[in-house]
Amino acid sequence: MSFNIDNIIRENIKKLKSYSSARDEFQGEASVYLDANENAFGSPLEKNYHRYPDPMAHAVKLELSKIKGVPPRNIFLGNGSDEAIDILFRSFCNPGIDNVIIVPPTYGMYEVSANINDISLKRVNLTPDYQLDLEGIAAAIDVHTKMIFICSPNNPTGNSIRREDVETLLANFNGLVVVDEAYINFSRQKSFIQELTEYSNLVVLQTLSKAWGLAGLRVGMAFASEEIIEIFNKVKPPYNMNEASQELALAALKNVDQVNEWIKHILKERDNLVLTLKGFDFVLDIYPSDANFILVKTTDANAVYNYLVEQGIIIRNRNKVELCEGCVRITIGTPEENNTLTEALKNFRV
Ligand SMILES: *Cc1c(COP(=O)(O)O)cnc(C)c1O
């Protein structure tokens with residue numbers, strides 16, 4: 001048996017007739033629009049937002065398609081990639097019946113989204129060097145396993161997952177392999193987007209929240225086969241990407257040079273911070289990072305965390321996460337912020 005979308009889509013979604021909005025029913029140009037119950041007088045703002053946005057965000061997809069090298073029909077845009085994760089569950093997983101595989105330590109939303117949708121989780125921990133346990137994953141797959149979530153570069157560990165291992169899953173698993181590339185812009189590895197033509201069970205998630213510096217706009221992306229994107233479009237709320245986000249995302253996408261410039265700075269700052277932190281007694285290990293954060297193993301994560309909070313510096317305490325005992329996750333800041341951090345840590349005593 002090989003991958004077939006019809007075998008994994010939920011029956012109710014296959015049969016679903018999606019909501020038909022005013023903008024779906026009339027798509028041409030007209031001089032008077034009295035079809036969507038908007039306020040024709042305008043908005044109580046300088047700029048008007050009184051019209052519903054483009055449900056499919058065509059302009060943003062077109063610009064993204066130039067940057068990513070994939071046609072717009074292979075792109076879904078959502079209210080953050082968290083929306084894409086939720087739509088995956090709602091489209092492919094039957095509550096109370098199906099399951100998905102996650103590979104901890106990893107991003108927390110896969111589990112939360114599974115719980116919200118009443119989908120059981122199979123946890124196959126990463127190996128001690130934070131790579132996939134392929135045998136463990138193979139053993140965990142059963143007839144109700146619909147998706148495997150891989151985060152690469154992985155949050156919170158920072159490393160990239162070995163490409164060959166992900167390809168092994170793509171070639172052998174008859175459900176969806178979701179590769180979350182929220183941090184791909186910082187990585188030495190290339191994106192899996194280029195593999196979409198090769199694997200029809202691949203879904204790649206990316207976001208404008210990290211390298212692109214637009215976390216506040218909530219713009220997430222999923223790249224997948226046309227069939228999968230059509231399902232996303234059926235299930236998503238009609239106007240899931242608001243007009244302000246569409247306009248601002250479009251403007252930002254035309255400024256890719258600025259983003260690439262920042263990425264260079266961030267990577268340099270990351271190297272500097274790693275060097276400085278290595279000099280501290282309480283730092284036991286710093287894991288290799290392909291992202292804009294580092295996972296740091298310390299003698300006492302709680303003490304480091306609490307001390308920094310007292311200094312007004314907030315990092316992420318990952319001490320309670322399995323395989324991350326003693327660890328804190330530190331986002332790379334501006335040179336000034338990183339300096340404030342390291343200066344404060346000079347006075348830290350265990
Ligand atoms: C930050 C992050 C996201 C981003 O989610 P948005 O909803 O797009 O902001 C997705 N996946 C991972 C692994 C992340 O760390």
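## Helices on the sheet

Helix α5 (residues 81-92) lies across β1, β4 (145-151), β5 (176-180), β6 and β7, and runs at about 45 degrees to β7; helices (H or I, at least four residues) and strands (E, at least two) are DSSP runs numbered from the N terminus. Angles run from 0 to 180 degrees between N-to-C directions, with axes as lines fitted to C-alpha atoms, for helices over the stretch in contact. Helix α8 (residues 163-172) also packs on the sheet, where it touches β4, β5 and β6, and its direction makes about 155 degrees with that of β5; two residues are in contact if their C-beta atoms, placed from the backbone, lie within 7 Å.

The model is predicted: local features need pLDDT of at least 70, side-chain atom pairs count only at pLDDT 80 or more, and totals for chains, interfaces and linings use all residues. Residues are numbered from 1 along each chain as its sequence is written.

## The sheet

The open sheet has seven strands in the order β1-β7-β6-β5-β4-β2-β3, with mixed pairing, where two strands pair if DSSP finds at least two bridges between them. Its edge strands, β1 (75-78) and β3 (120-123), each pair on one side only.

Strands β6 (residues 202-207) and β7 (residues 220-223) pair in the antiparallel sense over four bridges, and T207 stands opposite G220 in β7.

## Overall dimensions

The C-alpha trace of the protein spans about 70 × 55 × 35 Å along its principal axes, and the protein contains 13 helices and 11 strands.
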